Amino acid sequence: MAKPEISDFGSVDPAPPSEIVNLQKLNSILIDENARMFERMRVVFSLRNNGSKESVKCLSNGFKSNSALLKHEIAYVMGQMQNKEALPFLVERLEDESEHVMVRHEAAEAIGAIGCLSSKSILEKFVNHELPEISESCEVALDLLSHYNKDSFE
Ligand SMILES: [Fe+2]
């Protein structure tokens, strides 16, 4: 039996990356609410491996989905990518009071993983949020930011 492979990001992903590389094709599967979740996740990991600004934009289109699971996974890979282009999309998910808590939690952690000091204020805004999944994630993200920016953090 073949075991799931370890990605370039050191993670064993829930689905192997799609072999499709065309961004338009990947996008159409990602936003298709009738496509199998396994295939949509394969697209998510293929876009992560692509790593470009365009792939971040494409991933952000998946945030319009009804699936909290898919949106949570998108936020997770945006954190893995550590691409600043993802920050506005992640901030939007964190700020949305109607968004599923699992998505908001992952958006906060991804903002921390991207590691921009400019994200400090948005994380501080939610660090005392009434939902512990959000407040604790912001606390972890802030600690991560300070861990990697020891000299400039106050
Ligand atoms: Fe999570």
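Two residues are in contact here if their C-beta atoms, placed from the backbone, lie within 7 Å. Keep that in mind for Met 41, which, leaving aside its neighbours within four places in sequence, is in contact with Pro 14, Ala 15 and Glu 73. Met 41 sits in helix α2, and it is buried because 22 other C-beta atoms lie within 10 Å. The cut-offs: 20 or more other C-beta atoms within 10 Å of a residue's own make it buried, 12 or fewer make it exposed, and anything in between is partly exposed.

A word on what you're looking at. This is a predicted model, in which local features need pLDDT of at least 70 and side-chain atom pairs count only at pLDDT 80 or more, while totals for chains, interfaces and linings use all residues. Residues are numbered from 1 along each chain as its sequence is written.

Zooming out, the chain has 8 helices and 0 strands; helices (H or I, at least four residues) and strands (E, at least two) are DSSP runs, numbered from the N terminus. The C-alpha atoms fill a box of roughly 45 × 30 × 30 Å along the principal axes. For 154 residues, a compact globule would have a radius of gyration near 15 Å, and the chain agrees with its 15 Å. That radius is taken over C-alpha atoms, and the globule rule is 2.2 Å times the number of residues to the power 0.38. Buried residues make up 36% of the 154. Among contacts with a separation of 6 or more, 61% join residues 24 or more positions apart.

Now for the helix packing. The axes of α4 (residues 68-81) and α6 (residues 101-114) come within 8 Å and cross at roughly 5°, so the two helices are roughly parallel. Axes are lines fitted to C-alpha atoms, for helices over the stretch in contact, with angles running from 0 to 180 degrees between N-to-C directions; under 35 degrees counts as roughly parallel, over 145 as roughly antiparallel, 65 to 115 as roughly perpendicular and the rest as oblique. Residues making this contact include Ala 75 and Met 78 of α4, and Ala 107 and Ala 110 of α6. By class, the contact has 10 nonpolar, 2 polar and 3 charged residues, where Ala, Val, Leu, Ile, Met, Phe, Trp, Tyr, Cys and Pro count as nonpolar, Asp, Glu, Lys and Arg as charged, and the others, Gly among them, as polar.

Helix α6 has another partner: the axes of α6 and α8 also come within 8 Å and cross at roughly 5°, which makes these two roughly parallel as well. Ala 108 and Ile 111 of α6 and Ile 134 and Leu 144 of α8 are among the residues involved.

What ties this together? The largest nonpolar core has 35 residues, and those with the most contacts inside it are Met 78, Leu 90, Ala 108, Ala 110 and Ile 111. Such a core is a set of buried Ala, Val, Leu, Ile, Met, Phe, Trp, Tyr and Cys residues joined through C-beta atoms within 7 Å. Leu 90 touches Ala 75, Met 78, Ala 107, Ala 110 and Ile 111, not counting residues up to four places away in sequence.

One last stop is Gln 82, in the loop between α4 and α5. Its phi is near 50°, a positive value in a residue other than glycine. Gln 82 counts as partly exposed because it has 14 C-beta neighbours inside 10 Å.
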